[in-house]
Amino acid sequence: VDPKSVTVKKAINFYGVYEKNKVPEYTVKFVADGKTLRLEVPVKIYDARYNNLFIFGPGRTELAAANANSGPLDLSGKAVVAVEKIGNKGCAVADSNIGTGSVIRYGRMFSSTRPAEGTLEYIGAGESFDRDIAITNAAVARVRNAGTGTLTMTGTAELAPDSASGVLAFDAATAPIVFSGSLAGTNVKPTLRIEGASTVTLDAVPESVQVEMAGGTLTFGDAVVPSIGRLAAVDGVGFVAVPEGKTLTVASFSAAGGATVDFRVPDGAQVSFPNAPVGRLAGVRLNGAYALVDENHLLQPHKTTWKSAGDGRWSDADRWSQGVPEEDGMAEVTASGAADYTVHVDAPLTTPDTLTIGTGSDASTAVVETTVPVSFVDRAVNLVRGGELRVKSGIDFKPTAAGAVNLGGAPAVLSLAEGAMLTVDSGRSVLSARANEFKLNGGTLVLTNDAFVSVGGARMFGSGEIVMSG
């Protein structure tokens with residue numbers, strides 16, 4: 001029999017073995033090798049001088065009872081220890097599942113081949129604890145909140161003197177984590193890693209803190225000045241929320257592979273990169289859009305706008321506020337005036353990440369007209385009131401199109417707001433990618449000269465008008 005989990009319901013007692021001038025056997029070791037070990041009874045260790053718990057992985061150990069051991073909790077080998085109550089240093093026995101000790105230790109124990117990693121998984125309804133965390137052997141010390149309430153850590157996370165590196169990972173899996181403690185180390189301090197679907201808040205910001213974003217959301221308490229010494233995007237998309245009215249200073253930034261940090265910055269807040277070069281910063285987004293560092297080293301939207309209402313060529317850099325739109329930026333043709341105007345796409349191009357067309361009123365219409373190939377792969381095109389995209393000379397909205405407009409990839413969005421118009425003059429119009437969206441939000445789709453729409457696997461929805469002629 002190879003059970004996936006084992007539940008212990010009867011008492012477990014351990015007694016130390018002493019020999020003169022020798023180190024006593026003072027620990028209790030549990031190994032949950034890829035399975036779940038649930039202890040529903042206390043673990044009694046009759047060694048008042050040491051009595052600590054070693055828990056090894058890989059596997060998950062659930063400590064469901066109150067434990068009275070006063071020594072550290074040691075985690076190694078990718079062990080996961082799940083508890084409903086962590087408790088403070090020296091707390092009452094009933095207030096903790098891991099004993100009354102003051103330290104939780106992470107590292108490579110007894111074997112140089114074991115991964116120096118462990119996870120303390122909180123599954124309670126919310127609490128604050130002041131226990132310290134000790135990190136050795138370049139360990140990853142993870143605190144995961146898989147409970148229903150906020151978990152607050154007020155203690156110190158410290159690297160051992162002989163450790164060159166170590167990570168304190170906050171995994172806000174299902175509920176927030178607040179860190180108002182400190183980081184310490186003789187040579188270097190631990191790096192913070194942010195993970196999980198919820199939010200990690202720094203109520204105290206250690207000087208020159210190093211942060212790795214592996215998903216998750218990082219924000220800052222109201223009383224702190226937000227700053228990061230080194231910020232690294234290491235996996236997926238992580239979010240950094242800047243409090244209203246604050247400036248977040250990031251001394252250095254790096255991104256691995258396709259990892260990204262998306263800064264969520266409200267009006268009145270900003271992000272400063274004092275040591276970054278002016279221009280695009282790979283791996284950075286601002287409120288979901290591509291961004292760049294300006295001359296003042298502040299993060300700005302990577303956006304260019306058509307300067308004034310009037311006809312012109314798309315390729316004329318002087319007509320745009322920040323030059324001709326780039327593939328990884330945003331472009332807006334939204335200038336309003338007394339008369340309609342047209343921006344002629346005069347050369348094949350890949351559209352910017354987001355293209356918005358429309359004056360916002362019925363007084364005039366901004367038209368982007370193309371007679372040459374245009375690619376909308378993984379792009380968003382927003383046609384607002386007073387905006388028209390006019391496509392001629394053989395039209396395709398599919399990934400393999402040989403025609404002029406390509407709305408392929410996933411996801412791609414073409415949205416026609418009320419008062420907006422998409423004119424397909426001839427050829428065909430096809431939406432074929434399953435994840436695509438054609439939103440007819442009160443706008444008008446005009447099909448002339450045998451043009452047509454084949455929705456296929458895409459979604460075409462909304463209320464508006466389809467005009468067919470020819």
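Ring pairs join F253, F263 and F273 into a cluster. Rings of Phe, Tyr and Trp (for Trp, its six-membered ring) pair if their centres lie within 6.5 Å, and planes under 30 degrees apart count as stacked, over 60 as edge-to-face and the rest as tilted. This is a predicted model, in which local features need pLDDT of at least 70 and side-chain atom pairs count only at pLDDT 80 or more, whereas totals for chains, interfaces and linings use all residues. Residues are numbered from 1 along each chain as its sequence is written, and side-chain values use heavy atoms, with hydrogens and water left out.

**Aromatic pairs**

By the ring rule, the count comes to six aromatic pairs. One of them is formed by F170 and F179, a tilted pair with 5.4 Å from centre to centre and 45° between the planes. F170 is buried, at a relative accessible area of 0%, and F179 also counts as buried, at 0% relative accessibility. Here buried means under 20% relative accessible area, exposed means over 50%, and partly exposed lies in between (1.4 Å probe, protein chains only).

The rings of F253 and F273 have centres 6.4 Å apart and planes at 85°, so this pair is edge-to-face. The pair links distant parts of the chain, 20 residues apart: F253 belongs to strand 26 (residues 247-255), while F273 lies in the loop between strand 28 (270-272) and strand 29. Both F253 and F273 are buried. Strands (E, at least two residues) and helices (H or I, at least four residues) are DSSP runs, numbered from the N terminus.

Strand 27 (residues 260-264) and strand 29 (residues 279-286) are paired in the parallel sense over three bridges. Two strands are taken to pair if DSSP finds at least two bridges between them.

**Strand 20 and its partners**

Five of the five residues of strand 20 (residues 191-195) are buried, so this strand is largely enclosed by the rest of the structure. T191, R193 and E195 point one way from strand 20, whereas L192 and I194 point the other way, and all are buried. Strand 17 (residues 167-171) runs parallel to strand 20 and is joined to it by five bridges; A169 stands opposite R193 in this pairing. Strand 20 also pairs in the parallel sense with strand 22 (residues 210-213), over three bridges, and there L192 stands opposite V211.

**The largest pocket**

The largest pocket holds about 200 Å³ of space. A pocket is defined on a 1 Å grid over the protein atoms alone, as an open set of points where a 1.4 Å probe fits, with protein on both sides within 12 Å along at least five of seven lines; lining residues have an atom within 4 Å of a point. The volume is the space filled by probe spheres set on the points.

Lining the largest pocket are V278, G279, L292, V293, D294, E295, Q300, P301, K303, S321 and Q322. These residues divide into four nonpolar, four polar and three charged. Strand 30 (289-293) and strand 31 each supply at least two residues of the lining.

**Loop residues**

H297 is found in the loop between strand 30 and strand 31.

| Residue | Relative accessibility | Class |
|---|---|---|
| K89 | 37% | K89 partly exposed |

K78 lies in the loop between strand 8 (73-76) and strand 9 (79-83). Although K78 is not a glycine, its phi is positive, at about 65°. H297 likewise has a positive phi of about 65° and is not a glycine. K89 is placed in the loop between strand 9 and strand 10 (103-106). K89 and F129 are 40 residues apart in sequence, and their C-alpha atoms are 7.9 Å apart in space.

Key
Nonpolar A, V, L, I, M, F, W, Y, C, P; charged D, E, K, R; others polar.
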